[in-house]
Amino acid sequence: MKIINLNAIQILDSRANPTLQVDVILEDGSKGSFQVPSGASTGIHEAHELRDENMNFYHGKSVMRAVENVLNLREKLLNQDFTQESLDSFLIATDGSQNKEILGANAILGISVAFAKACAMHFSLPIYEYLRRVAFKINMENKKVRNLEDIHLFANIINGGLHSGNKLNIQEFMIVPTNGSPIEKIRAISEIYHELKSIIEEKYGKNDTAVGDEGGFAPSISKAEEALNLIVEAVKKANYEGLVTIALDSAASDFYDADLKLYEVEPGLKLDYKKLSAYYSDLVAKYPIVSIEDPFAEDDFEGFAYFMNNLPTTIVQNPFNKDSKIIVVGDDLLVTNPSRISMAMEKNLCSSLLLKINQIGTLSESLKAFSMANGAGWHTIVSHRSGETSDDFISDLAVGLSSSIKIGAPARGERVAKYNKLLNIYSKK
Ligand code: PEP
Ligand code: MG
């Protein structure tokens, strides 16, 4: 496939920070465009997001160097024949650094995904169908194809941590409907979300129903159990009891004191990894929690390994694990990086991959990460970032891979775009 036009501009993300949009046009006129997302609770091992660091522009966050880097690649990319794999390999080699700090992972990912979208158009395929074919071409060893309807949605309906102004240190309290088609699951999420709003309003007043970065409510509470009680009540009120499980994302790197080796999981409550494991086990014994993401800091391998050897049993059937132990999801731990995934598999640190394409910086490496996790029988969850745009590519990616997806709450346009893309894919037209 030959690219005949490549463009990049600076746009804004959902936190009013600059990011990139990259546009690609192929020889036959097929077009692809991608708007790159950006995290807040960013893992230290993620590929490098290039920002200008000039405090006179957007508080140092402008991305004009990344834009320039894309434009400067025109000379090398235009009118050359590429496949997804050869394009991504070329970009990685041209950058030449370990973490894509020269061109910027944001610049590289923009080109990689815009090209994939243009190729889907070239083949007149829906993006998810094109991605399915690319994924299985690149990773022929990966034969474990899941059912298209198996997709689970992780909906973050109470926000804490770096995504809100409240005192909840655990970052995400998610609901995961277990029954029905994706369309029915989205209906459940929406109905529970509305019940939650009215419960928060009743308990804490109208002022406390403002939302955090991912569209979930951010009431002024500080204890995990307060958040979990609100969710359990909302699920009951919406008549979904027994049909919805709960998932947490601790994002524990953000409340870890590496010098003292202590986690401040709630204000004033500082625990070592063994006590934090017991804290999680207590929650799992009381609430229908089936999954915990980043329960420990990204390099606390001792904590992850200890927890994996002492996993609590869920009080409900776990849709992701037949033996009813919770699943442990690696986000900052794995950073969608095949070498971190190998290491985590060797050391038995987790049992599920959170897949964020901008953590690694190319589509091919993301598909490799998926293939490794899926091949090892891990659960996989394609994920948004807390800083998003209205780009809905990750919904296609999740459907193409028959993977679960984490896209926040069904509120705020940049989150709703992903829900609506799923509704478009699954609704019979
Ligand atoms: C997460 O931690 O899973 C997340 C989506 O947040 P961020 O994008 O801030 O890393
Ligand atoms: Mg996370």
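This is a predicted model: local features need pLDDT of at least 70, side-chain atom pairs count only at pLDDT 80 or more; totals for chains, interfaces and linings use all residues.

Residues are numbered from 1 along each chain as its sequence is written, chains are lettered from A and ligands numbered from 1 in the order in which they are written, and side-chain values use heavy atoms, with hydrogens and water left out.

Next I checked oxygen atoms of ligand 1 against polar side-chain atoms. An N or O atom in the side chain of Lys-406 is 2.7 Å from one such oxygen. For Gln-171 I read 2.9 Å, and for a polar side-chain atom of Lys-356 3.1 Å. My cut-off for a polar contact is a pair of N or O atoms within 3.5 Å; within protein, one must be able to donate a hydrogen and the other to accept it, and residues adjacent in sequence count only if both atoms are side-chain atoms.

**Magnesium.** Which residues coordinate the magnesium ion (ligand 2)? I found Asp-249 (OD), Glu-293 (OE) and Asp-331 (OD), at 2.0 to 2.2 Å. Donors here are N, O and S atoms within 2.8 Å of the metal (3.2 Å for Na, K and Ca), and water is not among the atoms, so sites may look incomplete. Along the chain the donors follow the spacing D-x43-E-x37-D. Asp-249 sits in strand β6 (residues 244-249) and Glu-293 in strand β10 (residues 289-293), 44 residues apart, so this pair links distant parts of the chain. Helices (H or I, at least four residues) and strands (E, at least two) are DSSP runs, numbered from the N terminus.

I call a residue buried under 20% relative accessible area, exposed over 50% and partly exposed in between (1.4 Å probe, protein chains only).

**Two positive phi angles.** Most residues other than glycine have a negative phi, so I looked for exceptions. Ala-251 has a positive phi of about 45 degrees; Ala-251 lies in the loop between β6 and β7 (256-257) and is buried, at 3%. Asn-239 has a positive phi of about 65 degrees. Asn-239 is in the loop between α7 (224-237) and β6, and is exposed at 64% relative accessibility.

**Aromatic rings.** I paired rings of Phe, Tyr and Trp (its six-membered ring) if their centres lie within 6.5 Å, with planes under 30 degrees apart stacked, over 60 edge-to-face and the rest tilted. The count came to 14 aromatic pairs. Why is the pair of Phe-82 and Phe-90 tilted? Their centres are 5.7 Å apart and their planes are at 55 degrees, so the pair is tilted. Phe-255 and Tyr-263 are edge-to-face, 6.1 Å centre to centre with 75 degrees between the planes, and both are buried.
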